[in-house]
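Biologist: Hello! Could you walk me through this model, one question at a time?

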Amino acid sequence: MLELKKASLKISNRFVIGPLTAEINKGSAVAIIGESGCGKTTLLQMIYGLYDLDSGTIFWNTTQVTGPEENLVPGMPFIKYLSQDFDLMPFTTVEENVKKFLSRLKPRFSQQRTNELLEVVEMTAYAKVKVKTLSGGQKQRVALAQTLAKEPELLLLDEPFSHIDNFRKNKLRRNIFSYLKKQNITCLVATHDSTDVLSYTDQTIVMRDGKIIVQDNTQSIYNSPPSYYVGSLFNDINELPLFWFDSKAQEQETILLYPHQLLISQTGIKTVVTACYYMGNYYLIIGTHMGVEILFNSQEEILENDTVFLTLVD
């Protein structure tokens, strides 16, 4: 188990991370989300041991995570951290970059392990290619394999798929998170991509201004976001007066609704369309009612200035 107890770190006079308190069970996949600059990357670095905390503690099971003051080489040996800057050797081959973390005394095992990981990240065809010739996305995949070479107990990933093409990203995510579950490796992933969060993580930590504001089951947070800020990290979201849909509601009460939670019907709130965007298997429509912007989905294109009526999806 990973346990943070009032962990705090002063970055500058204007920004402090924490105090942070959280528990993460072994084998869990946990997303860390929040707006840029909220402290996601710094939190991963604190957990890895790149900083000396100003107060509080971080434990992995019974071992306390310590920083540079107690470690000549910062970073705990049972944790692996993949940052947004890849630590690769550009003038050696892909397989050599993975092998550098494996024992040279067991060449057969090292080669077998390297082949396995290159298959996971779909880089087998590039095993003999020098890293300097690879694209950014290919380097990121090599860095993922390198991070997993000497299997960690706790894996920290910072935007791990940001450089990878969309056509390859989905399968790679499935491969990586399936592998981590199979090996019972605890994983924390800082990300801006809601697909990383919704499809592959058991829990989500939401950060804002250096603080953890929510930690819960991922589906629970998505289905019942506690604030507009939290909901907006997953998708477009509306914050609308509740009395539009419930005559018994107080005038100041609001309701948070994703676009797919609004239904075009024969009756409801009258909405004038201002824009229509083709999204593949549906259209995202923007409209207004009483001067308030509303986002909703439609299976058919709706023209600007057309009028529709909206109700809640049952």
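Biologist: How many bridges join strand S1 to strand S4?
Modeller: Happy to start there, with the ground rules: this is a predicted model, where local features need pLDDT of at least 70, side-chain atom pairs count only at pLDDT 80 or more, and totals for chains, interfaces and linings use all residues. Residues are numbered from 1 along each chain as its sequence is written, and side-chain values use heavy atoms, leaving out hydrogens and water. Strands (E, at least two residues) and helices (H or I, at least four) are DSSP runs numbered from the N terminus, and two strands pair if DSSP finds at least two bridges between them. S1 (residues 2–10) and S4 (residues 55–60) run antiparallel, and the number of bridges joining them is five.

Biologist: Which residue in S4 is the bridge partner of Glu-3?
Modeller: Glu-3 has its bridge partner in S4. That partner is Phe-59.

Biologist: Which strands stand at the edges of the sheet?
Modeller: Four strands form an open sheet with antiparallel pairing, in the order S2-S1-S4-S5. Each edge strand has a single partner, so one side of it is left without a neighbour in the sheet. The edge strands are S2 (16–24) and S5 (63–64).

Biologist: Which residue in the turn between S4 and S5 has a positive phi?
Modeller: S4 and S5 run antiparallel and are joined by two bridges, with Thr-63 in S5 as the bridge partner of Trp-60. The two strands form a hairpin with two residues between them. The turn residue with a positive phi, about 55°, is Asn-61.

Biologist: How many of the nine residues of helix H1 are buried?
Modeller: H1 (residues 40–48) lies across S1, S2 and S4, running at about 115° to S1. Buried means under 20% relative accessible area, with a 1.4 Å probe and protein chains only. Buried residues in H1 include Leu-43, Leu-44 and Ile-47. H1 is largely enclosed by the rest of the structure because the number of its residues that are buried is eight.

Biologist: And how are H3 and H5 oriented to each other?
Modeller: Helix H3 (residues 107–120) and helix H5 (residues 166–182) pack at an angle of about 135°, with axes 9 Å apart. Angles under 35 degrees count as roughly parallel, over 145 as roughly antiparallel, 65 to 115 as roughly perpendicular and the rest as oblique. H3 and H5 are therefore oblique.

Conventions. Axes fitted to C-alpha atoms, helices over the stretch in contact; angles between N-to-C directions. Buried < 20%, exposed > 50% of the residue type's maximum accessible area, 1.4 Å probe, protein only. Contact = heavy atoms within 4.5 Å.
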